[in-house]
Amino acid sequence: MKLFLEVVVQTFLAFFTILFITRLLGRQQVAQLTFFEYINGITFGSIAATLATDVNQHTYQHFIGLLLFGVLTGLVSYISLKKRQFRKVIEGEPIIVIQEGQILENNLKRARYSIDELNLLLRDKDVFSIEDVEFGLLEINGKLNVIKKSDKKTATREDLGISNSKDSLFTEIIIGGQIIYENLRERKMTGKDLMKMIKPFGINRIDEIYYSAIDENNKIYIDKYDDKIESQIDISENNRKV
């Protein structure tokens with residue numbers, strides 16, 4: 001019975017302590033959920049759970065640990081607000097992963113995202129073709145913001161009263177310089193058919209292509225490893241002229 005009451009008291013203490021600390025730290029802990037906030041959330045929960053259920057050690061030990069972690073979190077958040085360079089180290093900065101309808105492979109690799117994860121984020125934005133994107137910006141909280149090309153976000157064919165063929169989903173046929181033969185067979189295509197389609201793009205070898213997809217109307221999207229973008233934009237503060 002004594003242990004039961006001790007767990008009840010410790011649980012109440014852990015619950016209201018973590019609630020109080022979270023309120024003090026501000027809403028960004030919930031709203032942004034950056035990598036820093038994500039790790040903090042896990043650690044807070046772990047310490048609070050130990051405080052609530054561990055009866056083998058003194059309650060004040062876990063309680064002090066929880067308070068100290070809250071103070072350190074608040075201190076780091078305060079310094080981050082005052083010092084931009086420190087905030088960049090803790091939280092990182094946005095990265096452009098798509099420019100002019102082309103995937104910036106190096107930036108995607110730097111963010112440790114795969115092409116499948118990028119496509120998932122694009123579909124969340126109702127974008128089913130990378131070719132439609134002017135800029136794709138990966139935010140520090142892992143979300144992707146996109147700016148569509150001008151002809152995709154202004155008046156549509158429906159607005160102008162022009163008939164339009166139904167949009168279709170794209171099927172991936174090349175990823176990382178490798179042909180996805182199963183998807184190719186689903187489109188009733190052979191390797192020779194694929195080579196004929198990529199020839200007009202000035203491509204002679206499959207390993208020149210980072211990513212390629214085709215829709216039901218045989219419209220193909222190709223992203224080469226060699227992105228020929230005249231002026232690649234880098235929004236990193238390290239590359240800005242003051």
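Which side chain meets that of Asp207 in a salt bridge? Select Asp207 and Arg205: their side chains form the bridge, at 3.0 Å from N to O. A salt bridge here is a side-chain nitrogen of Lys or Arg within 4 Å of a carboxyl oxygen of Asp or Glu.

The model is predicted, with local features needing pLDDT of at least 70 and side-chain atom pairs counting only at pLDDT 80 or more, while totals for chains, interfaces and linings use all residues. Residues are numbered from 1 along each chain as its sequence is written, and side-chain values use heavy atoms, with hydrogens and water left out.

**Stop 1**

Arg205 has a relative accessible area of 49% and is partly exposed (buried means under 20% relative accessible area, exposed over 50%, partly exposed in between, with a 1.4 Å probe and protein chains only). Asp207, at 45%, is partly exposed, and Glu208 is partly exposed at 23%.

**Stop 2: Lys219 and Glu131**

A search of the whole structure finds three salt bridges. One of them joins Lys219 to Glu131, with 3.8 Å between the closest N and O atoms. Lys219 is in the loop between E7 and E8, Glu131 in the loop between H7 and E3, and the pair links distant parts of the chain, 88 residues apart. Helices (H or I, at least four residues) and strands (E, at least two) are DSSP runs numbered from the N terminus. Lys219 is partly exposed, with a relative accessible area of 38%; Glu131 is partly exposed at 29%.

Asn218 is found in the loop between E7 and strand E8 (220-224). Its phi is near 60°, a positive value in a residue other than glycine. Asn218 is partly exposed, at 46% relative accessible area.

**Stop 3: the largest nonpolar core**

Now select Val97, Ile103, Leu118, Leu122, Ile130 and Tyr211. Of the 19 residues in the largest nonpolar core, these touch the most other members. Such a core is a set of buried Ala, Val, Leu, Ile, Met, Phe, Trp, Tyr and Cys residues joined through side-chain atoms within 4.5 Å. At least two of its residues come from each of strand E1 (95-99), helix H7 (115-124), strand E3 (133-138) and strand E7 (209-214). H7 gives the largest share, four residues. The core lies between domain 2 (95-148) and domain 3 (170-224), because both give residues to it; the domain bounds come from an automatic or database domain assignment.

Centre on Ile130. Leaving aside neighbours within four places in sequence, Ile130 is in contact (heavy atoms within 4.5 Å) with residues including Ile98, Ile103, Asn119, Tyr211 and Tyr221.

**Stop 4: Glu100**

Go to the loop between E1 and strand E2 (102-103), which holds Glu100. Glu100 has a positive phi, near 55°, in a residue other than glycine. Its relative accessible area is 36%, and Glu100 is partly exposed.

**Stop 5: Leu72**

Last, select helix H4 (residues 59-82), where Leu72 lies. With a relative accessibility of 45%, Leu72 counts as partly exposed.
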